[in-house]
Amino acid sequence: MSPILEGQDLALRFGAVRALDDVSLSLWPGEVVAIVGESGSGKSTLLRVLAGLMEPQAGRVLYHDAEGAAQDVHALREAERRTLMRRDWGFVHQNARDGLRMGVSAGGNIGERLMAAGGRHYGNIRAAAAEWMSRVEMDPARMDEAPRNFSGGMQQRLQIARCLVTRPRLVFMDEPTGGLDVSVQARLLDLIRSLVAELGLAVLFVTHDIAAARLLAHRIVVMRHGRIVEEGLADRVLDDPRHPYTQLLVASVLAA
Amino acid sequence: MTASAHMQAPDTDPGYNFAYLDEATKRMIRRTLLKAIAIPGHQIPFGAREMPLPYGWGTGGIQVTASILGPDDTLKVIDQGADDTTNAVSIRRFFHRVAGVRTTTRTAEATIIQTRHRIPERPLTEGQVMVFQVPMPEPLFKLEPRLAETRRLHALGDYSLAQVKLYEDIARQGEGGSSYSHPVMVNHRYLMSPSPIPGFDNPKLHMSPALMLFGAGREKKIYAVPPYTSVVSLDFDDHPFRPVRAPHACAACGSTTSYLDEIVTDDRGGRMFVCSDTDHCAENQMARKAAE
């Protein structure tokens with residue numbers, strides 16, 4: 001078996017700041033990996049580079065598609081990269097407003113990827129949108145409402161439904177539970193966990209919430225100053241942190 | 001031979017070059033037109049000039065007309081289907097004054113028809129040229145505010161946004177949600193705004209023997225549909241595009257096939273429906289009178 005996504009020797013600097021300093025990372029099919037670290041550690045940059053949204057100055061990102069062919073994400077033509085992003089990948093933004101079309105109804109938001117994939121049957125698109133709304137525990141009767149009518153947690157669910165409707169193999173999430181209150185976070189994490197298990201998704205997500213990482217991730221990658229300082233199974237990293245920075249990070253979590 | 005070398009009609013204003021624009025500008029616009037015809041439905045930027053009328057009144061159309069007009073042409077100008085509204089009368093008089101060309105209200109006699117919001121009911125013929133006044137050439141502009149991004153979407157042929165808009169229209173308003181300016185695919189490649197013509201007129205663009213030119217003055221874009229080009233209205237498989245017309249007969253000529261305007265006649269709910277195309281209506285009335 002080969003990894004689904006491979007970042008090799010990635011480097012990117014913003015002026016004097018090394019956002020990515022020789023970072024390599026592999027993600028395997030069906031695996032959930034969390035990237036943790038403090039603000040400015042380069043974790044979001046790493047996610048954006050791996051997701052093809054930002055170009056690295058050195059290194060490359062390889063994606064192994066369903067047929068097993070390796071594709072250099074940043075060397076693809078733009079049309080191919082877009083197709084890949086909407087057919088095989090999904091991206092969940094921290095702020096639902098970045099991932100949703102706020103002027104378009106919930107149903108239209110979910111249906112957009114289907115239409116982009118060539119769906120031209122109104123009834124089928126609506127049926128799929130209704131189905132996905134119930135899968136993310138939203139009321140399908142509200143599918144013609146605009147996203148602004150929904151609460152923050154619901155908007156995030158909508159964004160997830162919009163990503164998953166085309167059955168991607170790989171989903172990137174940037175702080176998916178950021179900015180939500182704790183009880184909503186818990187339900188959302190629960191939902192993500194069950195969907196991921198059910199669909200066998202590979203997920204790469206960024207968080208600074210250690211609890212979220214423990215709940216969702218199989219494997220945790222700890223970043224600091226643009227480098228990966230520690231990497232290992234979630235329980236191992238959290239229960240037996242080796243790098244002083246990871247120890248500090250784990251020790252900083254408030255026990256409820 | 002340039003148009004200005006012709007003898008000008010006696011009542012032409014000698015203070016202006018033939019058809020108002022200078023020859024260099026007309027050549028620039030003609031080059032743009034050739035490019036537009038070569039790539040059906042693709043928007044070509046051009047250096048639109050200030051015209052002696054405000055934006056929104058047809059500055060794009062008038063520049064296109066000025067560039068293709070020759071002394072032997074016969075010009076018809078339509079505004080919302082009618083030949084006798086202010087805009088139509090002014091533009092017709094304008095070209096009569098600066099170019100001395102013959103003008104007409106008869107679709108059959110015209111070689112160039114500048115129009116706002118309608119395509120004539122009478123089928124167009126080979127050799128006729130339609131010039132559309134376009135307020136907003138970009139069919140994706142309500143969906144994607146960044147013009148650089150819309151250009152990219154056109155380049156990639158990625159029109160899912162327009163399909164989403166159509167989905168929204170049907171979800172919110174049912175069938176016939178977008179009754180005018182309904183986007184079309186030209187030559188199976190480019191999505192195009194047909195300028196704000198009613199959806200009723202969209203089928204007339206398909207395989208038309210006439211050349212269709214679209215000029216947007218404020219947005220400085222020109223695009224075209226050459227004769228006999230496929231033009232298909234965007235739709236869903238289970239919600240096929242259907243041109244909508246008011247289910248009435250024209251109160252003046254009795255036509256049950258033409259596009260109708262609804263006219264409110266009093267403040268007690270009285271209304272009548274008459275043909276939007278005044279020339280077509282007059283022809284019908286004449287034919288009816290002759291038959292009696």
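**Aromatic groups.** I started with the rings of chain A. A:Y63, A:W89, A:F91 and A:F172 make up one aromatic cluster. I note here that the model is predicted. Next I counted ring pairs over all chains and got 11 aromatic pairs. I then opened one of them, B:Y20 with B:F94. The ring centres are 5.4 Å apart and the planes meet at 55°, so I logged the pair as tilted. An edge-to-face pair would need over 60 degrees. I also checked where the two partners come from. B:Y20 belongs to the segment before α1 (23-38) of chain B, and B:F94 to helix α3 (residues 86-99) of chain B. The two are 74 residues apart, and the pair links distant parts of the chain.

**Buried or exposed?** I looked up both partners. B:F94 has a relative accessible area of 16%, so I put it down as buried, the limit being under 20%. B:Y20 has 25% relative accessibility and is therefore partly exposed.

I stayed with B:Y20 and read its backbone. Its phi is positive, about 75°, although B:Y20 is not a glycine. I found B:A19 in the segment before α1 of chain B. B:A19 also has a positive phi, about 65°, and is not a glycine.

**Charges over rings.** I looked for arginines above aromatic faces. In chain A, A:R135 lies over the face of A:W132, 4.5 Å from the ring centre. In chain B, the charged end of B:R189 sits over the ring of B:Y190, at 4.2 Å from its centre.

**Nonpolar cores.** Which residues touch the most other members of the largest nonpolar core? The core has 67 residues, and I listed A:I110, A:I160, A:V203, A:F205, A:I220, B:L140 and B:F236.

Leaving aside neighbours within four places in sequence, A:I220 is in contact with A:A34, A:V36 and A:A213, among others. Its contacts also include A:E230, A:E231, A:G232, A:A234, A:V237 and A:L238.

**One leucine in α4.** I picked A:L114, which lies in helix α4 (residues 106-116) of chain A. Not counting residues up to four places away in sequence, A:L114 touches A:G119, A:I125, A:A128, A:V165 and A:T166. I also took a C-alpha distance from A:L114 to A:L233. The two are 119 residues apart along the chain and separated by 36 Å.

**Domains of chain A.** I read the domain assignment. Domain 1 covers 5-88 + 170-255, and domain 2 covers 102-167. Their centres, taken over C-alpha atoms, are separated by 25 Å. I find 15 residues of domain 1 of chain A in contact with 14 residues of domain 2 of chain A. The two domains bury about 1,300 Å² between them, with 64% of it on carbon and sulfur atoms.

**Chain A against chain B.** How many residues of chain A are in contact with chain B? I get 21 residues of chain A, in contact with 20 residues of chain B. The area buried between the chains is about 1,800 Å², and carbon and sulfur atoms give 58% of it. Which three residues supply more than any other three of the area that chain A buries against chain B? I wrote down A:R82, A:R120 and A:Y122, which supply 39% of that area.

Definitions and conventions:
Residues are numbered from 1 along each chain as its sequence is written. Chains are lettered from A and ligands numbered from 1 in the order in which they are written. This is a predicted model: local features need pLDDT of at least 70, side-chain atom pairs count only at pLDDT 80 or more; totals for chains, interfaces and linings use all residues. Side-chain values use heavy atoms; hydrogens and water are left out. Helices (H or I, at least four residues) and strands (E, at least two) are DSSP runs, numbered from the N terminus. Contact means heavy atoms within 4.5 Å. Rings of Phe, Tyr and Trp (its six-membered ring) pair if their centres lie within 6.5 Å; planes under 30 degrees apart count as stacked, over 60 as edge-to-face and the rest as tilted. Buried means under 20% relative accessible area, exposed over 50%, partly exposed in between (1.4 Å probe, protein chains only). A charge sits over a ring if NZ of Lys or CZ of Arg is within 6 Å of the ring centre and within 35 degrees of the ring normal. A nonpolar core is a set of buried Ala, Val, Leu, Ile, Met, Phe, Trp, Tyr and Cys residues joined through side-chain atoms within 4.5 Å. Domain bounds come from an automatic or database domain assignment. Buried area is the accessible area (1.4 Å probe) that two parts lose on being put together, summed over both.
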